[in-house]
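Here's a quick briefing on the fold you're about to see. Have a look at the model first, then work through the notes by topic.

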Amino acid sequence: MAGQSRKWVIVVATTWVQAFTGTNFDFSSYSSTLKSVLGISQLQLNYLSVASDMGKLFGWCSGVSLMYLPLWLVMFMAAFMGLFGYGIQWLVIEQIITLPYFSVFLLCLLAGCSICWFNTVCFVLCIRNFPTNRALALSLTTSYNGVSAALYTLVANAIDPDNDTLYLFLNALLPLFASGLALIPVLRQPPLQPLSTDVTRHDSFIFIILNIIAVITGLYLLFMNSLASEASVARILLVGATILLILPLCFPGIVYARAWARQIIHNFHFDRSTFSLVDPDDLQLHKDLLGNDHNNGSNGNSCCLIENEGIFGKVMEKDRLTMLGEEHPARLLVRRWDFWLYYMTYFCGGTIGLVYSNNLGQIAQSLGYYSQLNSLVTLYSACSFFGRLLSAAPDFLRDKLYFARTGWLALALVPTPIAFLLLATSGSEGALRTGTALVGLSSGFVVSAAVSITSELFGPNSASVNHNIVITNIPIGSLLFGLLAALIYDSNADIAVQEDLLGAAMVCMGRQCYLITFICWGCISLLGLVSSSVLFLRTRPAYDRFERNRSQT
């Protein structure tokens, strides 16, 4: 029973780590000041945001490190990478020291590595401690990564609302502080134990409660942050946010009070199907399916689940996945059509939303809403948070409305082209806020759901390696999409002196700064939507087959 309690403490500790390590989301809050201090163009600023995203190219290093080093040590290595990377940048932006542009580029790269290492640590903690409920654990904990910008904005306003350089200072220190809080739970991980049906049902009930608290936390940060323009008010609101982050710690006590939990379940007349979000026999069924299908041919080409004619039919059938969970080493992975459809979906869907957030500071400034930047960053952060929470919908609705996870992914990409169409047709504050919310919601869902989709399509045992291959699209997309935006921005910029904001940096004002960019980004996101739809059609038979076999056992 003590082990059951400790695993929930680990969930809470993981949410704390995720909540304070999404430091790339607040880049737009200080990017204009950094641009001014360094005296660089928008194109050069874009390269700095790309450097941060390039840290994901070295995500495999964290996985290799975990093979030889204890998990807590890898966590603190990530913390000290961030301390050094962001801390030195803070000294530069405060003009305490002076560094050449290339040195700042390397610091951004190191800071980006720290984020990826933290994510790997959190993924491993969830997978180790929740083997049957890992999708729920991953969606819950990764969702808190999306709320980082809102938390950092609240903390910065509580200290000094007028100092943009505080974000770099907080980026350096708060992840180290969160790692210290998580140290004891990480060191006291419970041993793996077989779970009974009652325990699995009880775990699902607790996940529902934790998700409710997460929704309340997101709404609190979204609506209350608009009131935090004064330091005194921000400090009061920060206390409330801290209470909401600590509140889930009370739920390990529920594990000890099982009789109380059963009475609550009975009083509310919840039947077993409501809380049995993950069948404890799924893993064994999954192994049986692997064994049976392996005898029929492991390449996935010998079985056609539907018959189609013409070019579309050939596209649907060629090298399609016929089963879920088959392990794919890297060599097999890159030869799969479904992998490249999935890669393109992430590239043109989730990544373009991250690039939008990196450019949010300059977008708001060019449209004349720079004073609203903090609230826009908070809006994007909160909506990304809710998008990540929504990625758990396939698991919560599994027994009542089954739909392939790749289908949910395709639906999640619909808001992005709508958002860019809205931004291209109107430069109003309402359009900017609506577009920002839609992009945040969509990209948040993609980023969170991707971990589970990678595991389902290409094997859970290979997920740590395969997912790091998938997210290599992020630095590539950051470079290409950001480069496009920067070139268009600089081509419309006038060299002006604005002592109040940007010194002698190149500044572009007006809708033309990002109009063509929004149109191009909208077309790219449509390509992502098409790719996700084709992926759904190709993988739906495999999902349906797995669900039928699960229902029959």
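This is a predicted model: local features need pLDDT of at least 70, side-chain atom pairs count only at pLDDT 80 or more; totals for chains, interfaces and linings use all residues.

**Overview**

Residues are numbered from 1 along each chain as its sequence is written, and side-chain values use heavy atoms, with hydrogens and water left out.

**Secondary structure and contacts**

- The chain has 28 helices and two strands, taken as DSSP runs numbered from the N terminus (H or I of at least four residues for helices, E of at least two for strands).
- Among contacts (heavy atoms within 4.5 Å) with a separation of 6 or more, 84% are between residues 24 or more positions apart.

**Helix α24 against α25**

- Helix α24 (residues 415-425) and helix α25 (residues 429-458) have axes that come within 8 Å and cross at roughly 160°; the axes are lines fitted to C-alpha atoms, for helices over the stretch in contact, with angles from 0 to 180 degrees between N-to-C directions.
- That angle makes α24 roughly antiparallel to α25 (under 35 degrees is roughly parallel, over 145 roughly antiparallel, 65 to 115 roughly perpendicular and the rest oblique).
- The crossing of α24 and α25 is left-handed, that is, the near helix is turned anticlockwise from the far one by less than a right angle, with clockwise being right-handed.
- On the α24 side the contact uses Pro415, Thr416, Ile418, Ala419, Phe420, Leu422 and Leu423, and on the α25 side Ala431, Leu432, Thr434, Gly435, Leu438, Val439 and Ser442.
- Sorted by class, the contact of α24 with α25 has ten nonpolar, four polar and no charged residues (Ala, Val, Leu, Ile, Met, Phe, Trp, Tyr, Cys and Pro count as nonpolar, Asp, Glu, Lys and Arg as charged, and the others, Gly among them, as polar).

**Helix α19 against α25**

- The axes of helix α19 (residues 350-358) and α25 come within 8 Å and cross at roughly 135°, so α19 and α25 are oblique to each other.
- α19 and α25 also make a left-handed crossing.
- Gly350, Gly353 and Tyr356 of α19 meet Leu432, Gly435, Thr436, Val439, Ser443 and Val446 of α25.
- The contact of α19 with α25 divides into four nonpolar, five polar and no charged residues.

**Cysteines**

- The disulfide count is zero, with a disulfide taken as a pair of cysteine sulfur atoms within 2.5 Å.
- For Cys523, the closest cysteine sulfur is in Cys520, 6.6 Å away and too far for a bond.
- Cys348 is buried, at 2% relative accessible area.
- Cys108 sits in helix α6 (residues 101-129) and is buried too, at 4% relative accessibility.
- Leaving out residues up to four places away in sequence, Cys108 touches Leu48, Ala51, Ser52 and Gln89.
- Cys108 and Ser49 are 59 residues apart in sequence but 7.5 Å apart C-alpha to C-alpha.

**Two more residues to check**

- Ser531, in helix α28 (residues 515-552), is buried at 7% relative accessibility.
- Beyond its neighbours within four places in sequence, Ser531 contacts Leu341, Met344 and Thr345.
- Gln95 lies in the loop between α5 (71-93) and α6, and is exposed at 63% relative accessible area.
- Phi of Gln95 is near 60°, a positive value in a residue other than glycine.

Note on methods. Buried means under 20% relative accessible area, exposed over 50%, partly exposed in between (1.4 Å probe, protein chains only).
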